[in-house]
Structure formats: structure tokens, C-alpha cells
Amino acid sequence: MSKYIPETSELEDVVMTGAELMDATTTVVRAMSTDFATDVQFAGDGAFTDGKMVSLPAIPSDAEVTKRDALVIGGYGNHEALHKKLTDFEKLKKKMKRWHKEGKTLTKSLANGIEDVRIENGGKKLFGGIPQAIDKTAREVTRKFIDEVYPADNDIVNDFGQIGPVAITWAGRKALGYADPSNEEALDLLPPHIRKQVEGIVQTILKIPHGVTGLGQVDKLVAHEGSMEAAKLAERLANSHMKKLRKEQEEENERIINPQDTTEDGDDKGKVKVKGKGRPDGNDGVGDGGDDPDGETGGGDSTSEDDGTGDDGDGDGDGVGGDNGKAKGDTSGEAGEDGEGNTTSREDGQRDTGPKSDE
């Protein structure tokens, strides 16, 4: 018997009503998170949680729900339940609020993508069937990028600041054994150097502690420490990318000011128009409270420590919110060619993916 649900016409068969799906999903979220007081709402078209309330895509009560629809919505619910079990919302929300205030949208997006991979890595050990349960949800999000976002803007894959956060989830889910070929198809769209970087980052994420000690068992302290370690990795990646952008801009300015090669009439052959990719993490404050990269026009993430965690700060929002298949935002994160960060992990470690902003 296959561990995964194949792509067949049976996925389009109507299997229940919207009301039945909402009832079943609410029960699963509360049971998986072991919090039967969890408020589950179905509104909008995204999925996120703030650690207390879980929001999932809206479903009309009388809707005819196909098997695919049920699997996708159920996967969102499973993912948000993992956040409730393994993410330190109290500290992460403080960070995201500060990131939002400072306009560091890429850091926030990276944190969302990194945390998604970390919790799903733990989820494999916690419940066993998590990869199968989330596979169709991941496929839905990834297909949106492949079929809609990429055809509209092929150049998006050339900018780590825009593509990095969502590409981390593709590479992460592939590494975790998710069966759908869309992850590989999306990764194939990346330039080799960005793919190498993203896959290197994922190998670092898989070493971050997730706190799962056995089937249904979680060491909450270790899980929350891992959550903060993931946030610090996002900050390092964003800061490194900003430094690279500044260096490239300085070199380009130098070429314009002091051209090395000129024509006989004195026209500068060395002049090259600066064509920016994405947006630096910063003051444009672009972000949707979900998985979008965010930006800063300043000089990288600040080194403030106002949340008491003692790490570099940046970002926006304070909820863990959703994989929407988009890749947008600034360009402030990178950790070298292979993406290996200096994490202090002790063990292996859209639609949502992170805390949702109150801003």
C-alpha cells in the first residue's frame, strides 16, 4: 500500500459538505495540538495561527467538497496544529513585531519558511503520517507558484531575496520525503547557485532541535529553544544578504564613477545602469503577515535585544501565517554559498507558515 495519495481522478470526487469538513478539521486541530479550547475559524483564503486561534481558508457550509479539497484543508489544519505544539509564540511574536516596525520583511519571511520546515521535521516523528497529511497542501501551494507566479515573472527566481523563503519550503519538504514531484519541478526553476544555497540552508534547518522525543511526545523547552534558533538563523541569513547587496552596490557605484574603459570621444563604456533585484529589507514595510519576504532599506537587521533573546532583531508581524505560493519582498537574506549557518543545534530538528501580524 502506497504511503502517499496518488494524483488520480478520484481526488475530484465529492466526498462531503463544507460543514462536515469544518467540523472534522476543527476536531483534528484541537486533538493534534492537545488544546481543545483552540478557536478555529474559517475565513479568508489563507491559513495561520497566533498560538491561540487557528485561521483556515473559508468554506461555505453547503459547498460540495472534493477529496482534494478535504486533503488540502486538512493539511493546513495539521500544519497549524504543529505550530501550536512546537513554536514559541510568546517570543517569536515579539521578534516579528520588532521586525515589522523596522521594515525587515525578508527576515520575517525567512523565519516563516525556516520554522515551517523545522516543525514539519518534528511532525514526522510526532505523528508519523504528517508527510502524507500535508503533501497535497504543499502541492497546492507549489503549483500556484509554478503555474501562476513564475509564468508572470520568470526573473523572480534569480533573486534570493524574493524566492529564498518559499524555495526553502520546497527543498525542505523534498528532503523530508514529501512525494509530490512539484517540489522538484519548482526547484528546477532556480539558478544552480540559488538552489545550492537553499538546499544548504535546509540541511542546517534539519539540525535545529524540534523537541519531539517520541510518538505524541514533546519536550516543550527544547521545542521552543529550537524555534528561537530558527529565528536567529533567519536573522543571520537576512543580514548576510544585505551585506552582499551593499557590497555589490558599492562596486557598481565605483564602476560608474571611475569607469575603466572609455571610447575615443570620452563616453564611458564602463557605465552600467543599476538594475535592482527585489527590495532591500527596510522602510517600505511590505509584508502581508504571512510568508512573504520582507524588506529593509537600512543597513541590515539591527542588533537590538529588546525581547531578551540576545540575538539580532528584524522582521514584522506576530503570527505564523501562510504559504500562499507567492514569492515577494525584499532582498536581505543569505548565508553564504551553501547556506550553512552556525546553529547550535543538538538534534535533528504555505498553506501557513508562521505567526500572523497584529500590525
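## Asp159 and its loop

In this predicted model, a polar atom of the Asp159 side chain lies 2.9 Å from the backbone nitrogen of Gly161. Asp159 belongs to the loop between helix H5 (130-152) and helix H6 (160-175).

Is Asp159 buried or exposed? With a relative accessible area of 4%, Asp159 is buried, because the cut-off for buried is under 20%.

## Helix H6 against helix H8

Let's move on to H6. The axes of H6 and helix H8 (residues 192-205) come within 8 Å and cross at roughly 55°, so the two helices are oblique to each other. The crossing of H6 and H8 is right-handed.

On the H6 side, the contact is made by Phe160, Ile163, Ala167, Ile168, Ala171, Gly172, Lys174 and Ala175. H8 contributes Ile194, Arg195, Gln197, Val198, Glu199, Ile201, Val202 and Ile205. Sorted by class, the residues of this contact are eleven nonpolar, two polar and three charged.

## Helix H4 against helix H9

Another helix pair worth a look is H4 (residues 105-127) and H9 (residues 220-257), whose axes come within 8 Å and cross at roughly 140°. That angle makes H4 oblique to H9, since only angles over 145 count as roughly antiparallel. H4 and H9 have a right-handed crossing.

H4 brings Leu106, Thr107, Leu110, Ala111, Ile114, Glu115 and Arg118 to the contact. From H9 come Ala223, Gly226, Ser227, Ala230, Leu233, Ala234, Glu235, Leu237, Ala238 and His241. The contact of H4 with H9 holds ten nonpolar, four polar and three charged residues.

Conventions: Residues are numbered from 1 along each chain as its sequence is written. This is a predicted model: local features need pLDDT of at least 70, side-chain atom pairs count only at pLDDT 80 or more; totals for chains, interfaces and linings use all residues. Side-chain values use heavy atoms; hydrogens and water are left out. Axes are lines fitted to C-alpha atoms, for helices over the stretch in contact, and angles run from 0 to 180 degrees between N-to-C directions. Helices (H or I, at least four residues) and strands (E, at least two) are DSSP runs, numbered from the N terminus. Angles under 35 degrees count as roughly parallel, over 145 as roughly antiparallel, 65 to 115 as roughly perpendicular and the rest as oblique. A crossing is left-handed if the near helix is turned anticlockwise from the far one by less than a right angle, and right-handed if clockwise. Contact means heavy atoms within 4.5 Å. Ala, Val, Leu, Ile, Met, Phe, Trp, Tyr, Cys and Pro count as nonpolar, Asp, Glu, Lys and Arg as charged, and the others, Gly among them, as polar. Buried means under 20% relative accessible area, exposed over 50%, partly exposed in between (1.4 Å probe, protein chains only). A polar contact is a pair of N or O atoms within 3.5 Å; within protein, one must be able to donate a hydrogen and the other to accept it, and residues adjacent in sequence count only if both atoms are side-chain atoms.
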